[in-house]
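Student: I have a structure to work through. Could we take it residue by residue, then helix by helix?

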Amino acid sequence: MKFSEYSYQRPDFDSYQKEYLTWVKKLDTTEVSEAIQAMDHLNELRRQVDTAMNLASIRYSINTKDTFYEAEDYWWNEYLPHFESLDFQFYQALLSAPTVSELREKYPETLFLFAESRVKLFDEKLIPLFQKENQLASAYSKLVASAQIDFEGELRTIPQMTPFSQSTDRSVRKAAQLAVTDFFVTHEAEFDAIYDEMVKVRDRIAKSLGFANYGEFADVKMNRWDYNRSMIETYRKEILEKVVPATKVLYDRQAKRNHLTELKNYDLSLVYPTGNAKPQGTPEELVAAAQKMYQEMSPETGTFFDFMKDQDLLDLLSKPGKQTGGYCTYIADYQAPFIFANFNGTSGDVDVLTHEAGHAFQCFESRWIKEPEIVFPNFESCEIHSMSMEFIAWPWMEHFFKEQTQKYKFAHLSDALEFLPYGVLVDHFQQEVYEHPEWTPAERKACWRKLERQYCPERDYSEDENLDRGLYWFRQGHIFQDPFYYIDYTLAQVCAFQFWKRFQVDHDETAWADYLAICQVGGTKTFLEILDIAHLRSPFEAGALDETIKAVAEYLQKVPEDALG
C-alpha cells in the first residue's frame with residue numbers, strides 16, 4: 001500500500017471519549033486478565049488516534065497551502081489537549097490500578113515512568129493554554145514556510161537558499177545570508193509576538209502546575225529520568241571549556257584553507273575554496289544509491305529501506321508551501337515510518353537519507369511495541385540512532401560523492417564537532433528565557449547574542465547588524481515548537497562519536513550488533529540503560545568527553561590539507 005492510500009479520518013471525539021473512559025474504568029479490577037485486556041484495548045484506541053494525528057500533520061507539513069489539512073491542523077491543535085486529558089486519566093488509573101504490580105511485569109517499565117511524568121504535567125483547567133500553545137507553534141511553522149525570497153531572479157524558499165550560502169563566490173554567500181536575514185527582519189514583529197506569547201503561555205502552564213519555571217516543567221516533559229538540570233549545566237560548561245577550543249583549531253584551518261584573513265559569518269558555511277562536497281546525481285539517483293547502500297549494510301536495513309521505497313514513505317523535495325526542516329515520524333496503524341525532508345542539492349540531502357533513516361530504521365525495528373508513547377525512546381536516545389547511522393554509512397559515501405568523498409567525510413565529522421557548542425547554546429538560551437519570562441524581545445535577543453559570543457565566538461556579524469543584535473535564533477524552529485529539545489542532539493552526538501570510532505577507526509566487529517540492539521528496544525529502556533546495551537560511555541561520565549573529543553580531533557588533524565582542495 002502506498003502512503004497516498006493511507007486512510008485519514010478525523011476521530012469523533014465524543015464517541016472516542018465514551019469508549020476510552022469505559023475501558024479506563026476496567027483497570028480498576030483485581031483480575032489481572034481483565035486489566036491486561038483493558039490495557040491492550042486502550043493501546044489499540046490510542047494507536048488509532050496517533051495514526052490520524054500523524055497523517056494530518058504529515059500532509060499539512062508537505063503543503064501548508066492545502067486548505068483541507070490546514071483545517072485539520074487547526075482542529076488537532078484545539079482537540080489534542082482533550083485527547084491528552086483522556087491519556088492523563090489513563091495514566092492515573094494505570095498507576096493506581098489494583099493490579100499495577102502485575103502490569104509492571106507485563107509492560108515496559110518506561111511506560112510507567114512516562115505515566116508518572118505525565119500526571120505531573122496536566123490539569124483540565126489548562127486546556128485553553130495548551131490549545132493556544134499549539135496554535136502559536138503552527139503560526140510559526142506557517143510563517144517560516146511562507147518565505148519566498150527573491151534572489152537572482154527567482155523566488156526561493158529558505159531551504160532553497162542554502163546552496164547560495166555555500167557558494168565559492170564570497171559576494172554571493174554574503175548576499176544570500178543577508179537575503180535570508182532580511183526575511184526574518186521583515187517579519188520580526190510577527191516572530192517576536194509569537195514567541196512573546198509562547199513564553200507567557202508556557203510560564204503560566206508551568207507555574208499553575210507548581211513548577212518554579214517552564215524549564216523545570218520541560219525537563220519532566222522530556223522524560224529526563226537519568227539526569228537533571230544541574231548535570232546539564234555542568235555538561236554545558238564542559239563543552240564550553242573543552243570543545244570550543246577544539247573548534248577554534250578547525251575554524252583557523254578553514255580560514256587559511258580558504259585564503260581569508262578572517263572568517264565572517266557568511267564564510268562559515270564554505271568549508272573548501274573549491275566548494276563544498278555535493279552529492280552527484282538527481283534526487284531519484286540518490287534514493288537509488290541509498291537503497292543499494294541499505295541492502296548491502298545488513299539484511300535488516302535492506303528490508304527496511306525497501307519497505308520505505310515501495311510504500312512512498314519519503315517526501316524529500318523542497319517546494320513552495322512546504323514546511324522547512326526534516327523529520328521522521330511513525331504511522332502506528334500501518335507500522336510505517338515516514339521521512340520528510342527538503343532536498344536542496346547540498347550534502348545535507350545525503351545527511352537526511354542517513355540521519356532520518358536512522359530514526360526510521362529504529363522505529364521499524366521497534367514495531368513490536370504496542371504503546372504509542374514508547375515506540376521511539378526519549379529524544380537524547382533517539383538521536384543516537386540517527387547520528388550514528390550517519391557515520392555507519394561512511395563506507396558507502398563514494399556512491400553519493402564520488403571523488404569528493406574525502407571532502408565530505410572531513411566536513412561531516414568537523415561539522416558534528418562544531419555543532420556541539422551551538423547545541424548547548426540553544427539549551428542555555430532557553431533556560432535563561434524561561435527563568436526571565438518578563439523579558440522584552442530586545443532583552444531576549446541581547447541574551448542570545450551574549451551567549452552566542454561565548455559558545456560560538458567564530459560568528460563575526462560585523463557586516464550584518466541584525467544578526468549582531470541577536471536575531472539568528474528566529475530560524476531555530478525547536479525554540480518555538482519543541483522547547484528544550486536540543487541539548488539532546490549534543491548528548492547523542494557525543495555517543496554517536498563513540499560509534500563512529502568503533503565502526504570507522506577500530507573496525508569493531510561487535511558495533512553493528514550493539515547498534516541493532518538499541519534500535520530493537522525502542523523506548524522500552526531509559527537513556528543510560530540504552531547506553532549500557534550499546535556499550536557506550538555516558539556523556540555525563542567523568543572523562544568521557546575528553547576521550548571522545550580527543551579521538552575526533554586527532555582524526556581530523558591527520559587529514560592533510562592537500563586532500564581537501
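Student: Leaving aside neighbours within four places in sequence, which residues is F484 in contact with?
Tutor: Keep in mind that this is a predicted model. F484 sits in the loop between α20 (477-481) and α21 (487-505). Leaving aside its neighbours within four places in sequence, its contacts are Y214, G215, A218, M222, R224, R229, D427, Q430, Q431 and Y434.

Student: Is F484 buried or exposed?
Tutor: Buried means under 20% relative accessible area. F484 has 0% relative accessibility, so it counts as buried.

Student: How far apart in space are F484 and E133, C-alpha to C-alpha?
Tutor: Along the sequence, 351 residues separate F484 from E133. In space, their C-alpha to C-alpha distance is 15 Å.

Student: What kind of aromatic pair do Y485 and Y489 form?
Tutor: The whole structure holds 65 aromatic pairs. For Y485 and Y489, the ring centres are 5.1 Å apart, with 10 degrees between the planes. Y485 and Y489 are both buried. Planes under 30 degrees apart count as stacked, and the pair of Y485 and Y489 is stacked.

Student: How are α15 and α17 oriented to each other?
Tutor: Helix α15 (residues 379-392) packs on helix α17 (residues 405-435) with axes 11 Å apart. Their angle is about 155 degrees. Angles over 145 degrees count as roughly antiparallel. Therefore α15 and α17 are roughly antiparallel.

Student: Which residues of α17 do M387, E390 and F391 in α15 meet?
Tutor: The crossing of these two helices, α15 and α17, is left-handed. On the α17 side, M387, E390 and F391 meet H412, L413, A416 and F419.

Student: How are α14 and α22 oriented to each other?
Tutor: The axes of helix α14 (residues 348-365) and helix α22 (residues 511-520) come within 7 Å. They cross at roughly 65 degrees. α14 and α22 are therefore roughly perpendicular.

Student: Which residues of α22 make the contact with α14?
Tutor: From α14 come G358, F361, Q362 and E365. From α22 come W512, Y515, L516, C519 and Q520.

Student: Where is S61, and which residues is S61 in contact with, leaving aside neighbours within four places in sequence?
Tutor: S61 belongs to helix α2 (residues 32-62). At 1% relative accessibility, S61 counts as buried. Leaving aside its neighbours within four places in sequence, S61 is in contact with G321, K322, Q323, Y327 and F340.

Student: What separates the C-alpha atoms of L316 and T440?
Tutor: L316 lies in strand β3 (residues 314-317). With 9% relative accessibility, L316 counts as buried. L316 and T440 are 124 residues apart along the chain, and their C-alpha atoms are separated by 38 Å.

Student: What is the phi of N223?
Tutor: Most residues other than glycine have a negative phi. N223 is in the loop between α10 (214-221) and α11 (229-257). At 5% relative accessibility, N223 counts as buried. Although N223 is not a glycine, its phi is positive, at about 55 degrees.

Student: Is H507 buried or exposed?
Tutor: H507 lies in the loop between α21 and α22. H507 is not a glycine, yet has a positive phi of about 50 degrees. Exposed means over 50%. At 55% relative accessibility, H507 counts as exposed.

Key. Residues numbered from 1 in each chain as written. Predicted model: local features only at pLDDT ≥ 70, side-chain atom pairs only at ≥ 80, totals over all residues. Heavy atoms only, no water. Buried < 20%, exposed > 50% of the residue type's maximum accessible area, 1.4 Å probe, protein only. Contact = heavy atoms within 4.5 Å. Phe/Tyr/Trp six-rings, centres within 6.5 Å; stacked < 30°, edge-to-face > 60°. Axes fitted to C-alpha atoms, helices over the stretch in contact; angles between N-to-C directions. Parallel < 35°, antiparallel > 145°, perpendicular 65-115°, else oblique. Left-handed = near helix turned anticlockwise from the far one by under 90°.
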